[in-house]
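Hello,

Here is the structure I said I would hand over, followed by my notes on it.

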Amino acid sequence: MYKALRTRIANISRELALFAIASFMVGMAGSLVDSVFNNYLNATYPLTGFQRSFLEIPRELPGFLVVFASAALWFIDNRKLGALSLFLAATGILLLGVVSKTYAVMVLCLFIYSVGQHLFMPVSTTVGMELAAEGRTAHRLGQFNAIRNLAVIAGSGFVYIGFKFLNFNFTVTFAISAGIFTVGMVLMALMKKSSAKVTPPGEFLKLHREYSLYYALAVLSGARKQIFLTFAPWVIVTIYGKPTQVIATLILIGGVIGILVQPLLGKLIDKLGERTVLMAEAVLLIPVCLAYGFSKSFFSVDTAFLITCACYLVDQVLVSVSMARSTYMKKIALQKEDIQPALSLAVSIDHFFSIGVALIGGVIWNHFGYQFVFLMGVVIAVGNFFSTMQIRIPKLTTKQPVVFDEPVTMKD
């Protein structure tokens, strides 16, 4: 077994190795931020539920602007664009820890960090698919997700140890995160230029009727994601009053689960198809939302908290099903040059609606209680189920199958 593992590692191409390590760095840096951000807000700028949700505008607005930024930077190769995005993420999070003495400055720093994070999203998926063998795309994305989960474990474990034993504070954590993002930036810059043709800027802004269902899935994905991204950790921090270490521990446990599940999930998508897996995700999300919102109404506080933690972990696994939407886009693409523009546009669509959900959710939280925010999640899950039922992948969508010609030397 050891010899076989050594052989597989030796057969990894330079590009695959660089991107795998860069993915680890991005995952670890992001984990450091995610583990402390809600506690940082709660400790530094005490916010109501609506104020917390309103903060998602500067945080998520860069996601909406991704397609416009991608169009403006059309002349930059996707590897170099990835390096630029990580430079922005490093700069923003460093400034957040060092100079954000007022709420307004904090919002500006958060915006810069978020621009880098969101600009990297479609780039990461595109490069990951370019480094996959034909017919093994979801499996390869699952492998990269597993690497990021390993990074999440490292990052959240680092936060747990740092805050519990090493007297870490938020400034130190953000500075370390910036340093790790910088390492990822250098690795992305070292990658060779993509073999894909340069995409004209107008293509990033073009809506294709053939991809309308993919855009609709992006709408539902953004709405569903925002429920758990904004309000799930906020429930743990404010409703249950838990400290920084709790979120860090949950992220760590979710990372361990992800290492095992992500590659299997990728294989499952390749084997069963995107439609089946996305429908299953929608069905599972319904009880998760109900339990998250109403467990405290039926169980003791301690039991309800454990149920909430379980739901948090399940959602961490389910959110990775988003790779099925990316592989679906690849399969229906009329030409491979459509893929990165479509992924970028989907990020913008996703975030346009996620901002709306954050604001609506904040109003619902303030007027009716957090439970009804998760009822909204149930409605979104039902809509997602019926939408994914419409997925159809023709056996041949183009005269020439859309394939990538990047060298892939690591056997799966």
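Arg 325 and Glu 281 are both buried. They form a salt bridge, with the closest N and O atoms 3.9 Å apart. Arg 325 sits in helix H14 (residues 322–332) and Glu 281 in helix H12, so this pair ties together parts that are 44 residues apart in sequence. Please keep in mind throughout that this is a predicted model.

Glu 281 also forms a salt bridge with Arg 224, where the closest N and O atoms are 3.2 Å apart. That pair links distant parts of the chain, with Glu 281 in helix H12 (residues 274–298) and Arg 224 in helix H10, 57 residues apart. Both Glu 281 and Arg 224 are buried.

Arg 224 forms a salt bridge with Asp 315 as well, at 2.7 Å between the closest N and O atoms. Asp 315 lies in helix H13 (residues 301–318) and Arg 224 in helix H10, so the pair ties together parts that are 91 residues apart in sequence. Asp 315 and Arg 224 are both buried. Taken together, Arg 224, Glu 281, Asp 315 and Arg 325 are linked in a network of salt bridges. The count of salt bridges comes to six.

**The chain as a whole**

The chain has 16 helices and zero strands. Of its 412 residues, 55% are buried. Among contacts between residues at least 6 apart in sequence, 88% join residues at least 24 apart. The accessible surface comes to about 17400 Å², and carbon and sulfur atoms account for 70% of that.

Lys 225 is in helix H10 (residues 212–239). Is Lys 225 buried or exposed? With a relative accessibility of 19%, Lys 225 counts as buried, because the cut-off for buried is under 20%. Setting aside residues up to four places away in sequence, Lys 225 touches Glu 60, Asp 350, His 351 and Ser 354.

Ser 354 belongs to helix H15 (residues 339–368). Its relative accessible area is 0%, so Ser 354 is buried. Beyond its neighbours within four places in sequence, Ser 354 is in contact with Glu 60, Gly 222, Lys 225 and Gln 226.

**Helix H2**

Helix H2 covers residues 14–44, which is 31 residues. At 1.5 Å a residue H2 should span 45 Å, and its end C-alpha atoms are 43 Å apart, so the two values agree. H2 does bend, by about 40° at Val 36. The helix is mostly covered, with 23 of its 31 residues buried.

**A nonpolar patch on the surface**

Leu 94, Val 98, Val 99 and Val 105 form a nonpolar patch on the surface, and together they have about 270 Å² of accessible area. Where in the chain is Val 99? Val 99 is in the loop between helix H5 (78–98) and helix H6 (103–130). Its relative accessibility is 38%, so Val 99 counts as partly exposed.

Regards

Note on methods. Residues numbered from 1 in each chain as written. Predicted model: local features only at pLDDT ≥ 70, side-chain atom pairs only at ≥ 80, totals over all residues. Heavy atoms only, no water. Helix = DSSP H or I, 4+ residues; strand = E, 2+ residues; numbered from the N terminus. Buried < 20%, exposed > 50% of the residue type's maximum accessible area, 1.4 Å probe, protein only. Contact = heavy atoms within 4.5 Å. Areas by Shrake-Rupley, 256 points an atom, 1.4 Å probe, with all protein chains shown as cover. Patch = residues over 30% accessible without salt bridge, like charges linked within 9 Å, V, L, I, M, F, W, Y side chains within 5 Å. Salt bridge = Lys/Arg side-chain N within 4 Å of Asp/Glu carboxyl O. Expected span 1.5 Å × (residues − 1). Bend = angle between axes of the 7 residues up to and from the residue.
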